[in-house]
Amino acid sequence: MSDIFYHYTDFQALDGILRCAQLRVNNVLRMNDSAEMRHFMGRLSNAIVKRLEEAGEPDHARAAQNLFQEELRKEYSAFAACFSFRRDDAAQWERYGNRGRGVCIAFQGELLRRMAAGPLSLHTVFYEDDMTGHPMVERFCSLARSKDALSGGDLDVQRAMRDAWACSVAFKHPSFSSEDEVRLVVAPFGNETFDMKPCYHVTKERVKKYYPLDLREMCGRMGTELEALVSEIIIGPESTQSRVMLQDYLNDQGLGALAERVSLSECPLRGMPV
């Protein structure tokens with residue numbers, strides 16, 4: 001599998017990412033049906049309970065079921081930036097790349113993995129509707145066996161539950177599996193060390209909340225530059241953007257190293273209805 005993560009977007013977002021060095025993580029409830037997070041947690045609970053019951057541990061199974069029932073009474077929101085392992089992909093262009101008129105930014109996966117610390121986590125999207133094989137199942141089963149009581153007040157349980165909610169952000173219906181998606185997640189819920197400040201984008205129709213990630217600061221912590229994070233910039237198949245003009249833009253922003261990494265899509269996405 002490629003270690004390059006492709007972010008399909010529009011040119012306004014490209015300007016924010018490269019010139020302003022800011023990657024926005026947006027409310028995941030604006031991306032997919034909010035039921036997906038809760039659906040994941042419900043199916044995860046079922047898989048944990050089933051595993052414990054099959055192991056002859058009905059008391060532990062009952063404790064896990066009660067824990068998740070209480071947790072699902074709460075309301076959470078989370079924020080994510082979305083990437084795909086698929087380069088120059090027709091479906092990605094149409095759904096996320098402004099119907100092919102946008103741009104695709106290729107990020108170095110290893111650097112993003114190293115940046116994903118603290119309130120940030122990186123998750124490969126889980127497309128299976130059956131949670132039996134999900135790693136969080138064994139984690140909760142181990143907790144159930146090691147604790148006198150599986151209580152939501154226990155710090156280890158709180159951390160596991162926080163991570164489970166973060167995983168739920170990276171759950172999608174199996175019909176989306178061809179997207180091969182990975183998500184950089186900001187999960188403020190249940191994180192006692194969370195100090196990242198949100199921002200708000202106001203449009204004519206609504207107010208949107210997001211968290212801005214400072215890419216220069218994050219790269220600096222890794223001992224590298226922003227240019228090292230981006231391996232390629234692909235102009236969309238339906239875009240009227242000139243390659244030379246985009247290279248001029250990058251050079252004038254002091255990002256000359258990226259100017260040589262601009263390419264044109266070879267995807268035959270032509271004549272899509274507007």
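Tutor: A residue counts as buried when its relative accessible area is under 20%. In this predicted model, buried residues make up 46% of the 274 residues.

Student: Why is G42 called partly exposed?

Tutor: G42 has a relative accessible area of 21%. Buried means under 20% and exposed means over 50%, so a value of 21% makes G42 partly exposed. G42 lies in helix α2, residues 35-54.

Student: And which residues in α1 are buried?

Tutor: Those are L14, G16, I17 and L18.

Student: What makes D10 a cap of α1?

Tutor: A side-chain oxygen of D10 lies 3.2 Å from the backbone nitrogen of Q12.

Student: How do you know that the radius of gyration agrees with a compact globule?

Tutor: For 274 residues, such a globule would have a value near 19 Å; the protein has 21 Å, which agrees. Its C-alpha atoms fill a box of roughly 65 × 40 × 40 Å along the principal axes.

Student: Now the largest pocket: which residues are the closest to its centre?

Tutor: The space in the largest pocket is about 1200 Å³. Of the 38 residues lining this pocket, T9, D10, A13, N26 and K208 are the closest to its centre. Elements that give two or more residues to the lining include β1 (4-9), α1 (11-18) and β8 (207-214).

Student: How many of the lining residues are nonpolar, polar and charged?

Tutor: The lining divides into 14 nonpolar, 12 polar and 12 charged residues.

Key
Residues are numbered from 1 along each chain as its sequence is written. This is a predicted model: local features need pLDDT of at least 70, side-chain atom pairs count only at pLDDT 80 or more; totals for chains, interfaces and linings use all residues. Side-chain values use heavy atoms; hydrogens and water are left out. On a 1 Å grid over the protein atoms alone, a cavity is a set of points where a 1.4 Å probe fits but cannot get out, and a pocket is an open set with protein on both sides within 12 Å along at least five of seven lines; lining residues have an atom within 4 Å of a point. Grid points are joined across faces, edges and corners, and a volume is the space filled by probe spheres set on the points. Helices (H or I, at least four residues) and strands (E, at least two) are DSSP runs, numbered from the N terminus. Ala, Val, Leu, Ile, Met, Phe, Trp, Tyr, Cys and Pro count as nonpolar, Asp, Glu, Lys and Arg as charged, and the others, Gly among them, as polar. Buried means under 20% relative accessible area, exposed over 50%, partly exposed in between (1.4 Å probe, protein chains only). A polar contact is a pair of N or O atoms within 3.5 Å; within protein, one must be able to donate a hydrogen and the other to accept it, and residues adjacent in sequence count only if both atoms are side-chain atoms. The radius of gyration is taken over C-alpha atoms; the globule rule is 2.2 Å times the number of residues to the power 0.38.
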